[in-house]
Amino acid sequence: KVDSSVISAIGYDGTNLEVHLDNGEKYQYFSVPEKTFDNFLNAKSKGEFWNKQIKPFYLCHHLL
């Protein structure tokens with residue numbers, strides 16, 4: 001669980017990142033470096049970080 005107005009939870013297995021949104025949607029991003037995950041967790045705005053530093057750069061799979 002994270003403190004965000006858009007993101008309800010973030011998961012990381014050392015390689016892949018999962019982002020769970022408040023609306024129930026879930027996304028998996030592949031080959032995300034640990035430093036990026038750490039920066040995401042520590043970002044003041046998780047939604048802004050996700051939109052600017054993750055979505056444009058990592059291959060994504062929308063989970064059902």
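**Exercise 1. Work out where T36 sits and which residues it touches beyond its sequence neighbours.**

Step 1: list the contacts. Leaving aside neighbours within four places in sequence, T36 is in contact with F49, I54 and Y58, where contact means heavy atoms within 4.5 Å.

Step 2: T36 lies in helix α1; helices here are DSSP runs of H or I with at least four residues, strands are runs of E with at least two, and both are numbered from the N terminus.

Step 3: check the accessibility. T36 comes out at 14%, so it counts as buried. The cut-offs: buried is under 20% relative accessible area, exposed is over 50%, and partly exposed is in between, using a 1.4 Å probe and protein chains only.

A word on the model before you go on: it is predicted, so local features need pLDDT of at least 70 and side-chain atom pairs count only at pLDDT 80 or more, while totals for chains, interfaces and linings use all residues. Residues are numbered from 1 along each chain as its sequence is written, and side-chain values use heavy atoms, with hydrogens and water left out.

**Exercise 2. Describe how α1 and α2 pack.**

Step 1: get the geometry. The two helices pack at an angle of about 150 degrees, and their axes are 8 Å apart. Axes are lines fitted to C-alpha atoms, for helices over the stretch in contact, and angles run from 0 to 180 degrees between N-to-C directions.

Step 2: name the arrangement. That angle makes α1 roughly antiparallel to α2. The scale is under 35 degrees for roughly parallel, over 145 for roughly antiparallel, 65 to 115 for roughly perpendicular, and oblique for the rest.

Step 3: find the residues. On the α1 side you'll see T36, N39, F40 and L41, and α2 brings K46, F49, W50 and I54.

Step 4: sort them. The contact divides into 5 nonpolar, 2 polar and 1 charged. Nonpolar covers Ala, Val, Leu, Ile, Met, Phe, Trp, Tyr, Cys and Pro; charged covers Asp, Glu, Lys and Arg; the others, Gly among them, are polar.

**Exercise 3. How many aromatic pairs does the structure hold, and how would you describe the one made by Y12 and F37?**

Step 1: count. The structure holds 3 aromatic pairs. Rings of Phe, Tyr and Trp (its six-membered ring) pair if their centres lie within 6.5 Å; planes under 30 degrees apart are stacked, over 60 edge-to-face, and the rest tilted.

Step 2: classify. Y12 and F37 have ring centres 4.4 Å apart and planes at 10 degrees, so this pair is stacked.

Step 3: see what gets joined. Y12 belongs to strand β1 (residues 7-12) and F37 to helix α1 (residues 34-42), so the pair ties together parts 25 residues apart in sequence.

Step 4: look at accessibility. Y12 is partly exposed at 21%, whereas F37 is buried at 13%.

**Exercise 4. Is I7 buried or exposed, and what surrounds it?**

Step 1: I7 is in strand β1 and is buried, with a relative accessible area of 0%.

Step 2: leaving aside neighbours within four places in sequence, the contacts of I7 include V2, V19, F40 and W50.

Step 3: turn to V2, which lies in the segment before β1. The C-alpha atoms of V2 and L41 are separated by 7.9 Å, though the two are 39 residues apart along the chain.

**Exercise 5. What is the backbone angle phi of S31, and where is this residue found?**

Step 1: S31 has a positive phi of about 55 degrees although it is not a glycine.

Step 2: S31 is found in the loop between β3 and α1, and at 54% relative accessibility it counts as exposed.
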